[in-house]
Amino acid sequence: MARPAEPAPALDLLGVRVGLAGAVDRLRDRIPDLLAGDGVPATTRAELALPADADPADLLALLTAAVVRHSPLLCIHAAVLGHGDGVLALPGQSGLGKSTLAAALARHGLAYLSDEALALDRATGAVARFPRPVSIAPDVWPLLGIEESPAPGEAERQFPPSRFGRLAPVPDWPAGAPRVRHVVLAERRPGPAELKPGTEAGAVQALLGRAFNHFHDPAGSLATVLAVVRGARVWRAGYAQAPELAGLLADRLG
Amino acid sequence: MSSHYLPADQVTVEELDDGLCLFRAADDEVLVLNATAADIWRLADGTSDTARLCELLAAAYGTRPATIEADVRRTLDELTGKGYLRAVDGPAG
């Protein structure tokens with residue numbers, strides 16, 4: 001008698017049940033911190049085919065894109081660290097150094113939530129963790145205490161976030177999840193790191209401008225962002241080296 | 001003749017501590033204004049023409065109307081072009 005087909009593997013991430021096909025095992029091996037869950041009940045579904053010949057970094061990028069696009073949470077491109085009973089969010093485009101900043105802040109004792117997505121419950125502003133692996137270029141490894149040598153031609157390596165510090169715990173969602181207390185608008189530029197008060201207008205623009213899925217509910221997304229900004233302190237930061245800014249943030253906001 | 005300006009229909013205004021956030025429901029567009037642009041927006045209530053707007057803003061900022069006129073006109077043009085303001089020929093009743 002034929003055995004019943006096994007159900008397709010699926011991951012629950014940021015409220016999305018992601019049905020996976022293809023190179024599932026190669027992806028699963030890379031995401032132990034994500035597999036530990038985020039506490040957000042899945043209310044939507046997405047299907048993702050993972051090409052067998054794809055690089056592990058590309059598999060992770062595919063998964064991330066599917067999750068932040070389909071999530072019922074408002075997902076914004078940002079690094080996110082737990083700070084006291086709240087959250088510090090650093091919105092920014094690719095290349096800003098969010099991953100390095102997130103790893104450096106974790107080394108300063110802040111709880112790691114994500115180097116990629118500020119995931120907000122639209123109604124309450126509760127923040128979910130998304131601790132995917134952190135891609136770090138070899139030239140930054142010494143700054144983060146990474147003592148391995150890169151392989152010839154290695155452009156980036158993915159490290160589990162737990163390597164750099166503690167992960168934010170899986171919360172009782174949404175009541176027990178942290179809220180945003182600080183929004184840091186960071187800019188890379190030469191010179192010593194500095195931190196100054198920022199503006200609500202700048203924070204609204206930065207957060208909305210980096211949203212992955214605001215199109216699901218534009219008016220509601222704006223309302224969520226406004227509530228976040230009004231409930232947080234906004235900072236402008238300039239920096240050349242991520243560890244220096246991480247130290248400044250840990251000292252000033254601690 | 002210098003135009004008067006009014007907020008376009010279906011524009012929602014959210015006050016920020018240092019500016020304004022405008023949301024246009026018709027096409028779900030958002031525009032964030034800094035403090036200066038927000039002042040221009042607040043004065044664009046249909047009662048003052050461009051010259052009068054410049055006078056009011058110049059008095060508030062302690063400068064001469066001619067100094068800020070180009071920037072005020074550019075902001076009004078931008079807000080009108082993006083559909084957040086509409087120009088009318090005379091003072092709004």
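Predicted model: local features only at pLDDT ≥ 70, side-chain atom pairs only at ≥ 80, totals over all residues.
1. Helices α1 and α2 of chain B. Helix α1(B) spans residues 35–43 and helix α2(B) spans residues 50–61. Their axes lie 11 Å apart, at an angle of about 130°. The two helices are therefore oblique to each other. The crossing of α1(B) past α2(B) is right-handed. On the α1(B) side, the contact uses B:D39, B:I40 and B:L43. On the α2(B) side, B:L53, B:L56 and B:L57 meet them. By class, these residues are five nonpolar, no polar and one charged.

2. Helices α1 and α3 of chain B. Helix α3(B) covers residues 65–81, and its axis is 10 Å from that of α1(B). The angle here is about 70°. That makes the pair roughly perpendicular. B:A37, B:I40 and B:W41 of α1(B) face B:V72, B:T75, B:L76 and B:L79 of α3(B). Six of the residues in this contact are nonpolar, one is polar and none is charged. Note B:I40: this residue meets α3(B) and also takes part in the contact with α2(B).

3. Helices α2 and α3 of chain B. These axes are 9 Å apart and the angle is about 120°. This pair is therefore oblique. The crossing is right-handed. From α2(B), the contact draws on B:T50, B:L53, B:C54, B:E55, B:L57, B:A58 and B:Y61. From α3(B), it draws on B:P65, B:T67, B:I68, B:E69, B:V72, B:R73 and B:L76. The class count is nine nonpolar, two polar and three charged.

4. B:E55. This residue sits in helix α2(B). Is B:E55 buried, exposed or partly exposed? B:E55 has 16 other C-beta atoms within 10 Å, so it counts as partly exposed. B:A92 is 37 residues away in sequence, with a C-alpha to C-alpha separation of 19 Å from B:E55.

5. Contact between the chains. Chain A contributes ten residues and chain B contributes 13 residues. On the chain A side, the elements giving two or more residues are α5 (200–209) and α6 (218–230). Helix α5(A) gives the most, with five residues. The chain A side has seven nonpolar, two polar and one charged residues.

6. The largest nonpolar core. This core holds 101 residues. Which residues touch the most other members? They are A:L14, A:L81, A:A119, A:V127, A:V204, A:L207 and A:V229. Strand β4 of chain A, residues 74–83, supplies the largest share, with seven residues. Beyond four places in sequence, A:A119 touches A:L14, A:S71, A:L73, A:C75, A:V127, A:A128 and A:F130. Two of those partners, A:L14 and A:V127, are also among the core residues listed above.

7. A:R132. This arginine lies in the loop between β8 (127–128) and β9 (134–136) of chain A. A:R132 counts as buried because 24 C-beta neighbours fall inside 10 Å. Apart from neighbours within four places in sequence, its contacts are A:I31, A:L34, A:L60, A:T64 and A:E116. A:P160 is 28 residues away along the chain, yet the two C-alpha atoms are separated by 7.2 Å.

8. Backbone points to check. Most residues other than glycine have a negative phi, and most peptide bonds are trans. A:L14 has a positive phi, near 50°. A:L14 is in the loop between β1 (10–13) and β2 (16–22) of chain A. With 25 other C-beta atoms within 10 Å, A:L14 is buried. B:Q10 also has a positive phi, of about 60°. Its loop joins β1 (4–7) and β2 (11–16) of chain B. B:Q10 is exposed, with 11 other C-beta atoms within 10 Å. The peptide bond from A:W173 to A:P174 is cis, with omega near -5°. A:P174 is placed in the loop between β10 (157–159) and β11 (179–188) of chain A.

Technical notes. Residues numbered from 1 in each chain as written. Chains lettered and ligands numbered in written order. Axes fitted to C-alpha atoms, helices over the stretch in contact; angles between N-to-C directions. Helix = DSSP H or I, 4+ residues; strand = E, 2+ residues; numbered from the N terminus. Parallel < 35°, antiparallel > 145°, perpendicular 65-115°, else oblique. Left-handed = near helix turned anticlockwise from the far one by under 90°. Contact = placed C-beta atoms within 7 Å. Nonpolar A, V, L, I, M, F, W, Y, C, P; charged D, E, K, R; others polar. Core = buried A, V, L, I, M, F, W, Y, C linked by C-beta atoms within 7 Å. Buried ≥ 20, exposed ≤ 12 C-beta atoms within 10 Å, placed from the backbone.
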